[in-house]
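These are my notebook entries on one chain, written down in the order in which I looked things up.

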Amino acid sequence: MSKWGNSEREHWTDMVVTSIAAMYTKNAAGVFTTSAGILLKLTDNILDNPTEEKYREIRLRNNTIKEKLLKCEPVLQALEGMGWNRRVVEMEEKMFWDRPAKDLERLRLGKTEVVKYLTLIKERSEADPKEKERKEREEVMKKVEHDKVARAESRKGQNTPSGRVSTSSAAAITSKPHSTM
């Protein structure tokens, strides 16, 4: 026999699946990825520490929560489907996870759905030649910048305070005989 009534389980399962799918389809990949990362962290905190009270509350006015988690619509519906309850406490809107242990399955389902869409985003970015090209350009630019810094540091050791190569350095460079092998 199931721990839940079929209609209750079907309701929250549908809520979790559809709201996370909507988060994925209604938002840019970067917005979804950022929000999903926070959602996974909140979920993992409870799954790893189910009795730890500090992980069972989300302050909705917290800057990170506002700017990164809540930017991804409809994340609040996903949280509610996963078992979070929204309440106002001391004039502050918060979400609480105050469910029995049997409801950890709701969090696991939400985590599975989020990971599924994160995997899709990763696969698409790896398959997209423009994304691959962009990543390669980023790597080249990092190498160029690193090389530029290294050259500047090496010049600092040879330069005088005036910014010119000293005559003794120039003489040492030009007076060295070329070795023949």
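Entry 1, surface and burial. I began with the accessible surface of the chain, which comes to about 12,500 Å², and noted that 53% of that area belongs to carbon and sulfur atoms. I keep in mind throughout that this is a predicted model. Of the 181 residues in the chain, I find that buried residues make up 30%. Turning to contacts with a separation of 6 or more, I see that 66% of them are accounted for by residues 24 or more positions apart.

Entry 2, secondary structure. I listed seven helices and three strands, and reading along the sequence I wrote the pattern down as α-α-β-α-α-β-β-α-α-α.

I traced the three strands as an open sheet in the order 1-3-2, with antiparallel pairing. Strand 1 (57–59) and strand 2 (85–89) stand at the edges and have a single partner strand each, so one side of each is left without a neighbour in the sheet. Strand 1 and strand 3 run antiparallel and are joined by three bridges, and when I looked up I58, I found its bridge partner in strand 3 to be M95.

I next went to E92, which is found in strand 3 (residues 92–96). Is E92 buried or exposed? I count E92 as buried, because its relative accessible area is 9%, which is under the 20% cut-off. Not counting residues up to four places away in sequence, E92 touches R59, R61 and R87. With R59 I also recorded a polar contact, side chain to side chain, at 3.0 Å.

I then looked up I38, which lies in helix 2 (residues 29–48) and is buried, with a relative accessible area of 16%. Which residues is I38 in contact with, leaving aside its neighbours within four places in sequence? I found T64, I65, K68 and L69. For I38 and L69 I noted a C-alpha to C-alpha distance of 6.3 Å in space, although they are 31 residues apart in sequence.

Last, I followed helix 5 (residues 104–127), whose 24 residues reach 35 Å from the first C-alpha to the last, close to the 34 Å expected at 1.5 Å a residue. Its buried residues, as I listed them, are L104, R106, L107, L109, G110, E113, V114, Y117, I121 and S125.

Technical notes
Residues numbered from 1 in each chain as written. Predicted model: local features only at pLDDT ≥ 70, side-chain atom pairs only at ≥ 80, totals over all residues. Heavy atoms only, no water. Helix = DSSP H or I, 4+ residues; strand = E, 2+ residues; numbered from the N terminus. Expected span 1.5 Å × (residues − 1). Buried < 20%, exposed > 50% of the residue type's maximum accessible area, 1.4 Å probe, protein only. Contact = heavy atoms within 4.5 Å. Polar contact = N/O pair within 3.5 Å; in protein donor to acceptor, adjacent residues only side chain to side chain. Pairing = 2+ DSSP bridges. Areas by Shrake-Rupley, 256 points an atom, 1.4 Å probe, with all protein chains shown as cover.
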